[in-house]
Amino acid sequence: MSQNTETTTTPPPFPRLGEIYRVLALALDLKKESQSFEKLYRNIDRLARAGDYDWSLLSTLCEKLISEPLKEQTDAEFSELIKSFTLEIHEKYLDIVTNTSLDNMSRQDTIPLLVNNYFSVNGCLLILYIHEKFGGPEITYFSDHHLNPIKVVLDWASQSSDDPSVKSLIKMAFPETMDEDKTNRDTANRWVCGKQLPDLNSIQKFVKKLKNQNFTKYENLCRWLLIARALAYFEGKFPGLRHTMHQYFQAKLPVIDIVPVLDDAVIQKGNSWA
């Protein structure tokens with residue numbers, strides 16, 4: 001009995017799609033905004049543990065967990081761009097999972113390879129697409145692992161204000177020195193120092209306050225603060241990710257075929273056991 005339980009609960013070497021969407025929703029702070037999130041994830045996780053997939057359910061993951069709540073919380077153009085890109089990566093990932101054998105490989109073996117050679121370079125592409133469509137902060141600064149991406153975004157946004165500084169931008173949003181404004185200003189300063197990751201509600205409040213002050217970049221600022229939050233979140237989960245992404249940007253985004261990388265890892269794993 002215990003042997004069977006171990007077999008069914010040992011995770012596969014590839015992260016399941018439900019798990020990937022869950023991490024993405026958490027990075028964008030969308031989980032609590034989607035009422036159907038937990039139910040969908042539990043169903044996907046249960047099917048995956050059983051070695052089966054409901055493909056019609058998989059096709060709704062992006063829409064229900066990412067694009068719909070993102071559209072409600074930001075704007076339709078941004079949501080559609082994220083949706084289109086995510087669905088493309090979804091299809092490519094399914095092709096990799098279904099056509100690559102990872103005999104004797106564990107998650108501990110495969111996740112660093114996937115993060116460094118697949119998800120990171122695709123993350124770079126997404127940032128590039130967002131920048132091309134909407135404009136934004138200088139990508140070389142945004143991807144620099146030595147810099148706080150939240151501060152990079154706020155530095156960029158502040159350049160369009162009368163007093164181009166992050167401190168003045170925060171003060172524009174929360175001008176009062178007492179009560180709620182002071183609390184919100186202190187919170188924003190913690191973002192800048194890297195002491196606190198902004199949540200979606202706080203980002204929206206900050207951007208709305210700037211909009212009320214006739215700050216023209218408010219919509220794009222919301223997009224980039226959310227992307228910066230996600231980038232900082234992923235860096236916390238996978239230390240070194242931003243360094244890898246920065247290298248990809250410096251190398252002009254080389255095309256990497258993840259399948260040979262995984263195949264070589266399987267061979268090396270087999271040789272180590274020989």
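Me: Is Asp186 buried or exposed, or something in between?

Reply: Burial is judged by relative accessible area: buried means under 20%, exposed over 50%, and partly exposed in between, with a 1.4 Å probe and protein chains only. Asp186 has a relative accessible area of 30%, so Asp186 is partly exposed. The model is predicted: local features need pLDDT of at least 70, side-chain atom pairs count only at pLDDT 80 or more, and totals for chains, interfaces and linings use all residues. Residues are numbered from 1 along each chain as its sequence is written, and side-chain values use heavy atoms, leaving out hydrogens and water.

Me: With which residue does Asp186 form a salt bridge?

Reply: A salt bridge is a side-chain nitrogen of Lys or Arg within 4 Å of a carboxyl oxygen of Asp or Glu. The partner of Asp186 is Lys182, with the closest N and O atoms 3.1 Å apart. Lys182 is partly exposed, at 39% relative accessibility. The two residues are 4 apart in helix H11 (residues 179-193), so about one helical turn separates Lys182 and Asp186. Helices here are DSSP runs (H or I, at least four residues), numbered from the N terminus.

Me: Which parts does the salt bridge between Arg107 and Glu19 tie together?

Reply: In this pair the closest N and O atoms are 2.7 Å apart. Arg107 lies in helix H7 (residues 107-134) and Glu19 in helix H2 (residues 17-27), so the pair ties together parts 88 residues apart in sequence. Both Arg107 and Glu19 are buried. Together with Arg16, they are linked in a network of salt bridges.
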